[in-house]
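I ask you to look at the structure on the screen while I go through its ligand site, its salt bridges and its aromatic pairs.

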Amino acid sequence: MSSSEAAGNLEAKLERLLAVETFDPPAGFTPRHQVDPDAVGDPEQFWAEQARTLIDWDTPFVKILDDTNPPFYQWFGDGQLNVSHNCLDRHVAAGRGDKVAYHWHGEEGERRTITYADLLAETQRFANGLKSLGVGRGDVVGIFLPMIPEVVVAMLACARIGAVHNVVFGGFAASAVRERMEVSDAKALVTVDGARRKGKTAPVKQSVDAELGDLATLEHIVVVRSTGTPAPMLDGRDVWYDELLAAADPVCPAEPLAAEHPLFILYSSGSTAKPKGILHTTGGYLTGVTYTHRLVFDLDPATDVFWCSADVGWITGHSYIVYGPLSNGATSVMYEGAPDYPDKDIWWQLVEEYKVTIFYTAPTAIRTCMKWGARYPDRHDLSSLRLIGTVGEPINPKAWLWYHTVIGGERCPIVDTWWQTETGAIMISPLPGRTPTKPGSATRPLPGISPALVDEEGKPIEEGTGILVITRPWPSMLRTLYRDDERFKETYFSRFGPETYLVGDAARRDADGYLWIIGRIDDVINVSGHRLSTAEVESAIVAHEGVAEAAVVAQADEDTGQSIVAFVTLSGDRVGDDADVAELRDHVAKRIGKLARPKRIIWADDLPKTRSGKIMRRLLRDIAEGRELGDVTTLRDPGVMAALQGKIAAAADD
Ligand code: PRX
């Protein structure tokens, strides 16, 4: 059969499958773990049992949940444990030191096999290295690294000594790193000489120096030698990672820490320009990720090879590249590079080579692969896969069906997992092999999790669309926003009271009780499963000297789920041209990162505002998506909309 015939057959098959509403669990798949969602009974006891059976405690907890001061909940508060011990020492002590923790695959095809014993040895040395720099319990350590094994070592070393890591996604600009280090008072930063991407190298240390060189609170910068890119080192402040390791004592016992000791901060976008420092703590977070990684992915650590294709700089990487898999003693694949380098089949080559059994990725990636065509996965033997998953954004049925058919070979259950940076771990997902799936629905909450849909007044909605909330605390929930308890209360617990967590998403519940996530109800944009704030992008744009005003909205995008549209008014009488578009996009990339660049820039003489001067984004969204305009009667100057519409029409004619 020619490849165009095969593509035609696949297309016809997907069209046929679009009519199927519910997929029963694949017959050949037998779930490994027993859990009865209806038998949870007392959720507190349920979570205590998970914490006791899945985790090693130095001091077992007696108190399960302290809910006396909502929304500041504490889990397992009188217990003590260490996350790095749970991820490393306990497996090595049980005789599994030679088990592979990571098959690391570099962008140029380099391979490194890292066992649990290797990881423990390097983590102990680096933990001692950090101590020698004066880093101790409660100190914040920034981590700005690409997808190299040292990123895992750095995180675990912090956890080992009670330092709090603050990882910044490697794709962010150095100025975003500065902001995150500044607001968290980071004492040290672990970074790299250079980072590779598709055959090119970016001089990371040089950029870090240019932006963070004068940050007084940052006492030390540790630099991993990765690419050999020239990296100026400042005497007394900067130190090479390998030299620090070589000088360090090889033994560093894991420190028993209170269950509520902070484990990490991860900055995420909210509805203002200032990123939110989401704080996770030790015992509850580890319980949540260990439980969900085992149950949702039907994990057998002895036989499975798990691969989460996210970047470690996002919560998905924290929970399902690092902490969940390591705590469970699993073997993972860690891949440094892009999905289309050296060719568009690299992911499937890795699945074949490492015999990956569980694969976890984002709907955007699936849509991209679908666009590239089935001929790339078809080059490889994907029969090792037994379960596949998605995260980060709603998946459209066509992409789900392609994933099911082409990647899953129609035999793998798909877990569409809904969760957030704030929730720490998966909250809503099918139980593989048990829950019948409907393409596009994350199905039902996991045992122990209590979501609800409410209307504007907070009244419960049984069926239909509403605001998604969580009505009971859960162990892996965020504890606060770092050094900003007020914003924490205001953002998540003011609308419906201190006991109801406001998710920020709208969702629909169908007649079978299945949940369908619709999207954000705040000014957060989801581009390729990455969360960005409209306000943050706006403030980056208006920081350009030629810009008078800007408003940013999301528009639906076939490839990336949503994309960024910026309405921009230039200063003076200037009318923007193509060069201005390129310059503004570049400007945003430098201030935030490439992922925040607007896909479309629309030049506006004025922006639609209410009489009180508030920009009416709803109307801008209507314009961006070519919809009939909503109510314009509250506008200060309705003529603005006519002018904008005229502009869009003229652009379409060009
Ligand atoms: O809108 C939801 C969407 O991603 C948001 C959380 O983003 P972030 O904190 O960056 O974490 C992403 C990875 C856990 C949610 O509020 N989202 C996440 N997963 C799904 C989803 N939307 C629909 N379906 C999902 N499975």
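This is a predicted model: local features need pLDDT of at least 70, side-chain atom pairs count only at pLDDT 80 or more; totals for chains, interfaces and linings use all residues.

**The ligand and its surroundings**

Let me begin with the ligand: one of its oxygen atoms has a polar side-chain atom of Gln 420 at 3.0 Å. Residues are numbered from 1 along each chain as its sequence is written, and side-chain values use heavy atoms, with hydrogens and water left out.

Asp 505 also places a polar side-chain atom 2.9 Å from an oxygen atom of the ligand. At Pro 394, a polar backbone atom is 3.5 Å from a nitrogen atom of the ligand. A polar contact here is a pair of N or O atoms within 3.5 Å; within protein, one must be able to donate a hydrogen and the other to accept it, and residues adjacent in sequence count only if both atoms are side-chain atoms.

How much of the ligand's accessible area does the protein cover? On its own the ligand has 550 Å² of accessible area, and the protein covers 95% of this; such areas come from the Shrake-Rupley method with a 1.4 Å probe, and for residues only the protein chains shown count as cover.

There are 17 residues around the ligand, and Asp 416, Thr 417, Thr 421, Arg 520 and Arg 531 come nearest. A residue is near a molecule or strand if one of its heavy atoms lies within 4 Å of it.

**Salt bridges**

The whole structure holds 43 salt bridges, each being a side-chain nitrogen of Lys or Arg within 4 Å of a carboxyl oxygen of Asp or Glu. In one of them, the closest N and O atoms of Glu 336 and Arg 196 are 2.6 Å apart. This pair links distant parts of the chain, 140 residues apart: Glu 336 is in the loop between strand 17 (331-335) and helix 11 (346-354), and Arg 196 is in strand 9 (residues 195-197). Helices (H or I, at least four residues) and strands (E, at least two) are DSSP runs, numbered from the N terminus.

Are Glu 336 and Arg 196 buried or exposed? Both are buried, where buried means under 20% relative accessible area, exposed over 50%, and partly exposed in between (1.4 Å probe, protein chains only).

Within helix 17 (residues 578-591), Lys 590 and Asp 586 lie four residues apart, about one turn of the helix. Their salt bridge has its closest N and O atoms 3.0 Å apart. Lys 590 is exposed, at 58% relative accessibility, whereas Asp 586 is partly exposed, at 38%. Glu 21, Lys 438, Asp 510 and Asp 512 are joined in a network of salt bridges.

**Aromatic pairs**

Finally, there are 32 aromatic pairs in the whole structure. Rings of Phe, Tyr and Trp (its six-membered ring) pair if their centres lie within 6.5 Å; planes under 30 degrees apart count as stacked, over 60 as edge-to-face and the rest as tilted.

Phe 46 and Tyr 291 form an edge-to-face pair, 5.7 Å centre to centre with 80 degrees between the planes. Phe 46 lies in helix 2 (residues 43-54) and Tyr 291 in helix 9 (residues 282-296), so this pair ties together parts that are 245 residues apart in sequence. Phe 46 and Tyr 291 are both buried.

To close, ring pairs link Phe 72, Trp 474, Phe 488, Tyr 492, Phe 493 and Tyr 501 into a cluster.
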